[in-house]
Amino acid sequence: WKFDSVDAINYFLSYEDIQEIWKPSTQRCNDLKLRHFFINEQWILAWVLTLSDCTLNVEYFYLDPLSGERLELDY
């Protein structure tokens, strides 16, 4: 991949919808991981940002680690 976790967060936070969800709170269970996904007979590497308020409200966002482009992954 071309950029690290700090770069990935900066890319993610450049999107307005993610900025709106990323609210300062005392109760947050967010996570960032670099993962492989097997989709349509091929492996895809992506940064995965999980935003959660530590209850059932969880949202996932994906980013291409080479281009910084946002990905829509269905798996």
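Is Thr-50 buried or exposed? Keep that in mind as you open the model, and we will select our way towards it.

**Before you start.** This is a predicted model, in which local features need pLDDT of at least 70 and side-chain atom pairs count only at pLDDT 80 or more, while totals for chains, interfaces and linings use all residues. Residues are numbered from 1 along each chain as its sequence is written, and side-chain values use heavy atoms, with hydrogens and water left out.

**The whole chain.** Show everything as a cartoon. You will find two helices and four strands, in the sequence pattern α-α-β-β-β-β. Helices (H or I, at least four residues) and strands (E, at least two) are DSSP runs, numbered from the N terminus. The C-alpha trace spans about 40 × 25 × 20 Å along its principal axes.

**The sheet.** Now colour the strands. They form an open antiparallel sheet in the order β1-β2-β3-β4; two strands pair if DSSP finds at least two bridges between them. At the edges, each pairing on one side only, are β1 (31-39) and β4 (70-71). Next select residues 42-52 and 58-63: these are β2 and β3, antiparallel strands joined by six bridges.

**Thr-50.** Zoom in on strand β2, where Thr-50 sits. Thr-50 is buried, with a relative accessible area of 13%; buried means under 20%, exposed over 50%, and partly exposed in between (1.4 Å probe, protein chains only). Its bridge partner in β3 is Tyr-60. Beyond residues up to four places away in sequence, Thr-50 touches Cys-29, Asn-30, Asp-31, Val-58, Glu-59 and Tyr-60, where contact means heavy atoms within 4.5 Å.

**The nonpolar core.** Select Phe-3, Ala-8, Phe-12, Ile-18, Trp-47, Leu-49, Leu-51, Phe-61 and Leu-63, the nine residues of the largest nonpolar core. Such a core is a set of buried Ala, Val, Leu, Ile, Met, Phe, Trp, Tyr and Cys residues joined through side-chain atoms within 4.5 Å. Its largest share, three residues, comes from β2. Apart from it lies another core of six residues, including Ile-39 and Leu-73.
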